[in-house]
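Please go through this model with attention to its sheet, its cores and its charged pairs. A short report follows.

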Amino acid sequence: MSYRIAAATSNGKIVDTHFGRAEYFTILEVQDDGSFAEIERRDVFHSSDGKCSQDLMNKAAENLSDCSYVLAAKIGPHAIQALEAKKISAFDIAIEIAPAVEKIHVYHKKVNRIN
């Protein structure tokens, strides 16, 4: 069964953006065999004053609620709390998207006990 990953990236190739500073998330759909494809770029809600409130973190988590995982170069505790409330696992990881997805896929199989 496929699942989705939201990646905070500035160029679609590397997870290199802080969760709270991302302009958009690249949404990836991962298949059972680990293959994946970008299915969309999803805009992020920003405040007019540039600050990240808990309300904005909750809106961001709601916007990503169809994803199982979020990857960002850095994710603060308020964002992690908002994502966890939506049953989304968050990971700080700053590498190219392909190896990041490989690592998440291994993790996904392990925690879901998939052979």
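With which residue does Glu 62 form a salt bridge? The partner is Lys 86, and the closest N and O atoms are 2.5 Å apart. Glu 62 lies in helix 1 and Lys 86 in the loop between helix 2 and strand 5, so the pair ties together parts that are 24 residues apart in sequence. A salt bridge here is a side-chain nitrogen of Lys or Arg within 4 Å of a carboxyl oxygen of Asp or Glu. Helices (H or I, at least four residues) and strands (E, at least two) are DSSP runs, numbered from the N terminus.

This is a predicted model: local features need pLDDT of at least 70, side-chain atom pairs count only at pLDDT 80 or more, and totals for chains, interfaces and linings use all residues. Residues are numbered from 1 along each chain as its sequence is written, and side-chain values use heavy atoms, with hydrogens and water left out.

**Salt bridges**

The structure holds eight salt bridges. Three of them are tabulated here, with relative accessible areas.

| Pair | N to O distance | Accessible area, residue one | Accessible area, residue two |
|---|---|---|---|
| Glu 62 and Lys 86 | 2.5 Å | Glu 62, 44% | Lys 86, 35% |
| Glu 40 and Arg 42 | 2.7 Å | Glu 40, 29% | Arg 42, 9% |
| Lys 59 and Asp 55 | 3.6 Å | Lys 59, 41% | Asp 55, 46% |

Buried means under 20% relative accessible area, exposed over 50%, and partly exposed in between (1.4 Å probe, protein chains only). By that scale Arg 42 is buried, whereas Glu 40 is partly exposed. Lys 59 is partly exposed, and Asp 55 also counts as partly exposed. Lys 59 and Asp 55 are four residues apart in helix 1, which means about one helical turn separates them. Glu 40 and Arg 42 belong to a network of salt bridges that also links Arg 4, Glu 29 and Asp 66.

Five strands form an open sheet in the order 3-2-1-4-5, with mixed pairing. Its edge strands are strand 3 (36-43) and strand 5 (89-92), each pairing on one side only. Neighbouring strands are turned by 25° against each other on average, direction ignored. For that angle, axes are lines fitted to C-alpha atoms, for helices over the stretch in contact, and angles run from 0 to 180 degrees between N-to-C directions. Two strands pair if DSSP finds at least two bridges between them.

Strand 1 and strand 2 pair in the antiparallel sense over six bridges. In this part of the sheet, Tyr 3 stands opposite Val 30 in strand 2. Strand 2 and strand 3 are antiparallel too, over seven bridges. Glu 29 has Ala 37 as its bridge partner in strand 3. The hairpin of strand 2 and strand 3 has five residues between the strands, and Gly 34 takes a positive phi near 95° there. Strand 4 (residues 69-72) and strand 5 pair in the parallel sense over four bridges. Ala 72 stands opposite Asp 92 in strand 5.

Is strand 2 largely enclosed or open? Six of its seven residues are buried, so strand 2 is largely enclosed by the rest of the structure. Thr 26 sits in this strand (residues 24-30). Its relative accessible area is 0%, so Thr 26 is buried. Beyond four places in sequence, Thr 26 is in contact (heavy atoms within 4.5 Å) with residues including Ile 5, Ala 6, Gly 12 and Glu 40.

A nonpolar core is a set of buried Ala, Val, Leu, Ile, Met, Phe, Trp, Tyr and Cys residues joined through side-chain atoms within 4.5 Å. The largest has 19 residues; Ala 6, Phe 19, Phe 25, Leu 64 and Val 70 have the most contacts inside it. Strand 1 (3-8), strand 2, helix 1 (54-63), strand 4 and helix 2 (77-85) each give two or more residues to this core. A second, separate core of 13 residues includes Ala 7, Val 15, Tyr 69 and Ala 100. Not counting residues up to four places away in sequence, Ala 6 touches residues that include Phe 25, Thr 26, Leu 64 and Val 70.

In helix 1, Leu 56, Met 57, Ala 60 and Ala 61 are buried. Seen down the axis of helix 1, the buried residues fall within an arc of 140° (taken from the directions from the helix axis to the C-beta atoms), so they line one face of the helix. These buried residues of helix 1 pack against helix 2.
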